[in-house]
4 protein chains.
Amino acid sequence: MPSSFIGNALRGTFFLIFGLWWSVKYPLKYLRRKANADDAASYGTQRLEVLEGTVKAFFALAGILAEQFAPPGPHMLLYSPETHSWTDLTPWHYTTMYLFFLLSGVVEVVSHSPLKLPLGLDRLALAIALLIEGLLFCSHDYSEAALDSHLRGLLAIGIFAGALCTLLEVFIRDHFVLELFRTSSFLLQGSWFWQMGFVLSPPWGGPGWDPTDRGNFVFLTMCFCWHYAGALAVMAVNSVASHCCNESCQLKFGDIDVELDCGLCIRKGKGSRGALLPEGGPDDK
Amino acid sequence: MPSSFIGNALRGTFFLIFGLWWSVKYPLKYLRRKANADDAASYGTQRLEVLEGTVKAFFALAGILAEQFAPPGPHMLLYSPETHSWTDLTPWHYTTMYLFFLLSGVVEVVSHSPLKLPLGLDRLALAIALLIEGLLFCSHDYSEAALDSHLRGLLAIGIFAGALCTLLEVFIRDHFVLELFRTSSFLLQGSWFWQMGFVLSPPWGGPGWDPTDRGNFVFLTMCFCWHYAGALAVMAVNSVASHCCNESCQLKFGDIDVELDCGLCIRKGKGSRGALLPEGGPDDK
Amino acid sequence: MPSSFIGNALRGTFFLIFGLWWSVKYPLKYLRRKANADDAASYGTQRLEVLEGTVKAFFALAGILAEQFAPPGPHMLLYSPETHSWTDLTPWHYTTMYLFFLLSGVVEVVSHSPLKLPLGLDRLALAIALLIEGLLFCSHDYSEAALDSHLRGLLAIGIFAGALCTLLEVFIRDHFVLELFRTSSFLLQGSWFWQMGFVLSPPWGGPGWDPTDRGNFVFLTMCFCWHYAGALAVMAVNSVASHCCNESCQLKFGDIDVELDCGLCIRKGKGSRGALLPEGGPDDK
Amino acid sequence: MPSSFIGNALRGTFFLIFGLWWSVKYPLKYLRRKANADDAASYGTQRLEVLEGTVKAFFALAGILAEQFAPPGPHMLLYSPETHSWTDLTPWHYTTMYLFFLLSGVVEVVSHSPLKLPLGLDRLALAIALLIEGLLFCSHDYSEAALDSHLRGLLAIGIFAGALCTLLEVFIRDHFVLELFRTSSFLLQGSWFWQMGFVLSPPWGGPGWDPTDRGNFVFLTMCFCWHYAGALAVMAVNSVASHCCNESCQLKFGDIDVELDCGLCIRKGKGSRGALLPEGGPDDK
């Protein structure tokens, strides 16, 4: 049904937004770190992380509300008393998935706040959110059979690759290659959700692809690889663009933005961050 | 049967007690380490570890005795001569599981004693106990089919996650994020054992949930995620509580407790610990 | 059919060439590094890497063109309008596989160019190419059944072993044992592609091996191990040969080649490399 | 048949001998290293490694000859021309397994010889031998069905655990906890081979255990855990014994044995080892 297409498209957009944002953010961060190697964790970066966490939590909350209260949703009802059976549990599955992304957003906000939370906790929360998502997609069984399961199996590969990468980031923080890989896994997930929408419930109506044609399975596996190639291409373009943008910005503005950052940043946050960093030791063990 | 419920409840309580205790202990340890960064391994901590190991070994021993000698138990009999077949092997499975936790408790006590055992051995023993538990739950096959196996499959995810985390701790000791993750996996296991008891053999009697309803499977997968969310919530509350408690304690008592610790700790133990630490090198390799 | 044999032979040759080249290159690099421990990344090495990447990209491009335009190829046609079904997707599978090796070649060329790309990106690109190859071989399902799938299952073991090793090299760069293991996995893949060609479509015509004889399966598993033993033997011979060659060269030419390298290398590249190295920090985390 | 029992017993003894030897060697090494922390790689140790490699290679060669030429063996014949089919491939499987242990022994001898082989290669060779063994046991399919496959599945767990541990040792050398774990996995393998012999072909004749009784499967899983507990107990006893022995030796002989070692050791070997160590850098990355 079209409602299922909209659901997949919204989920896809959620991941695409983060993937695209990171594909600009991390190259810029890498370039800045190379330019002035000393102030690794600038205060502007920190405020960005708080903003990112807030946006993530907000999107996740919106997702939960949409899954629960959009027309065919269960309205927070888990067990229907009249039929003496479970209501449709699919929206609950997505609610659970969004719940952990909400949690990840909250942890990210809190761990970059003046509170003295240990480093690595934000990455752990994101990794847990991805692992839970992967678990839900692996165990999910709709009535419609093989093609759906094949699509979700491929999605799970992308999810678990991102989860493993994020788990590694708990220990190896600020490693550019890991950040890039995580970005690519988010772009892949995002575009694959859109693909799933088109395959299972095309927006122009109709029954979706034929699940009895083996050619569809073979093609979709290949298509998954092309999505990944596309994600890499987008990242390459964004990296080059952010590189050019960075160079022209630096010519024009010099260190004005750095000044601005310092002026605006909350003094307390700065202090606590400074106190945190010497204990950052554990994360390079 | 109710006896099966009691068994699951006892196992669940075993893991919950450790999870809850760690959810207070590790945040406190983290806060103290941040306050006075120099004495990483205080002597009070060391006595606590010995106590923890003793309690673990005692619980495991009690578990073995309960499994063997509680009414339908095999009374240490493996092969029944009259029927020429194995006795019911389920209590033996749990006995084996407890045996390795007993071993882990003993290794923990010994490795914090004045004996010069290498660091990391206590974590290895715990990881082995969890791996053996996971192996037993994966291979366990009761007569009752799919629902039981689904529940134990989910449990195994929690067990192996905890085991991997503990294995990592052999190499990366005193990493706060790993300690938190291990704590969360124990809380998850504990509450999931209770859930298994309620699903398979409700304490109010009755036949347990319907294993032919697919909705139950889908719901339980989701429920597993909620248990984990609950475990994280409990940890967050306990962390905040221990933070507040720590602050008020420090205001009132100052370093009295540290003095107390030093006064009471066994001199020999202190010495050997000092001798151990320089060799602690391997764990940051 | 013979065309299938030629395809497997070409793929095998692609991997064998790289395996053989590396089995000479890495021992020589190791010996040189031992001789003069200071200049870890000599400029000659850098130009070699660029050449290697160019050759890899060229081979991959040739492979794509051969798969698409050699006689039974699909000529870039994915969906045949007359039969209203997919064209034969096997050449497309191989095209996808070569596409990622092309990408890996391009990244290798660029990352050793004067551009300031972060270290480890070339290894990541190679690991991604291998992971995609493994994914395609695991999901590939021809009509011919069990024997083909067994052969590809064994191949996938070699592919994933190489991929894991290359992923590790993102973090642990220039580790001789990892480089050797990667080399051996490429030699194994290469010779196994030839074996697959002989088993499935012998060049002298005929129907291939009997897929109903269990003995064939057992023999091929063993044969896979012997291929690996052969790969290790080839590497041992090449290492000894390159050691002897290195010694006699050093006696004759002294450091002439080093001089030559320095004289020819692009100044800009040298400079950028020097600028890159201090940031190489992340890769030894 | 009894011949199968003898084969399993010989394989078991091979692993038990190494497990028992290591359960004495590594605690002693640990105690010595603690006593005099400076000379990490004593020359006596080095000669021991060469001896160990020689014994391993000799045992593996003996195993190959026994598998090939003991009465029902294939006498190096792979394809029987009269029946136009493969000969019994089981002895060939074991021959392949021993071949890689032979290789591992040779690499161990060579890498502790005056030749300048990189560190970690001996561990890689052992890990490869174990991985190949695991692959062969996983893919092995006899005619006798489920019970045999269950036994070999359990064995494979022990093999892969040992292989992973040995792979880690390529990077983290001389880590006492890893060495202990490897030792325990060898003891487990060794005693499990004996168990397999007793279950599948009892030495007192008879048909082996009933493969249709589910109780046997459940019992054997548990029994595997008890074997591991037994392996740990043996290691604990040997560690304590070697500790006592070490203390009494030191009292009596002082550093006489160290003197003896230095006097006997090959000068050239000493020199090359000294030259090797500074390059050992990669292995603690």
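Me: Let's start with chain D against chain B. How many residues does each side put into the contact?

Reply: Chain D brings 29 residues and chain B also brings 29, where contact means heavy atoms within 4.5 Å. Keep in mind that this is a predicted model, where local features need pLDDT of at least 70, side-chain atom pairs count only at pLDDT 80 or more, and totals for chains, interfaces and linings use all residues. Residues are numbered from 1 along each chain as its sequence is written, chains are lettered from A and ligands numbered from 1 in the order in which they are written, and side-chain values use heavy atoms, with hydrogens and water left out.

Me: OK. What's the buried area between D and B?

Reply: About 2,500 Å², with carbon and sulfur atoms giving 78% of that. Buried area here is the accessible area (1.4 Å probe) that two parts lose on being put together, summed over both. On the chain D side, D:Lys34, D:Val177 and D:Met222 lose the most area to chain B, and together they make up 21% of what that side buries.

Me: How many salt bridges and polar contacts cross it?

Reply: Zero salt bridges between chain D and chain B, counting a side-chain nitrogen of Lys or Arg within 4 Å of a carboxyl oxygen of Asp or Glu. There are two residue pairs in polar contact, both at pLDDT 80 or more. A polar contact is a pair of N or O atoms within 3.5 Å; within protein, one must be able to donate a hydrogen and the other to accept it, and residues adjacent in sequence count only if both atoms are side-chain atoms.

Me: Which element of chain D gives the most to that side?

Reply: Helix 7 of chain D, with 13 residues. Helices (H or I, at least four residues) and strands (E, at least two) are DSSP runs, numbered from the N terminus. The residues on that side of chain D split into 20 nonpolar, four polar and five charged; Ala, Val, Leu, Ile, Met, Phe, Trp, Tyr, Cys and Pro count as nonpolar, Asp, Glu, Lys and Arg as charged, and the others, Gly among them, as polar.

Me: How many salt bridges over all chains?

Reply: 44.

Me: Now A:Ser104. Buried or exposed?

Reply: A:Ser104 counts as buried, because its relative accessibility is 0%. A:Ser104 sits in helix 3 (residues 90–111) of chain A, and a polar contact of 2.9 Å joins its side chain to that of A:Lys56.

Me: Last one, C:Pro72: where is that?

Reply: In the loop between helix 2 (43–69) and strand 1 (79–80) of chain C. C:Pro72 is exposed, with a relative accessible area of 62%.

Conventions: Buried < 20%, exposed > 50% of the residue type's maximum accessible area, 1.4 Å probe, protein only.
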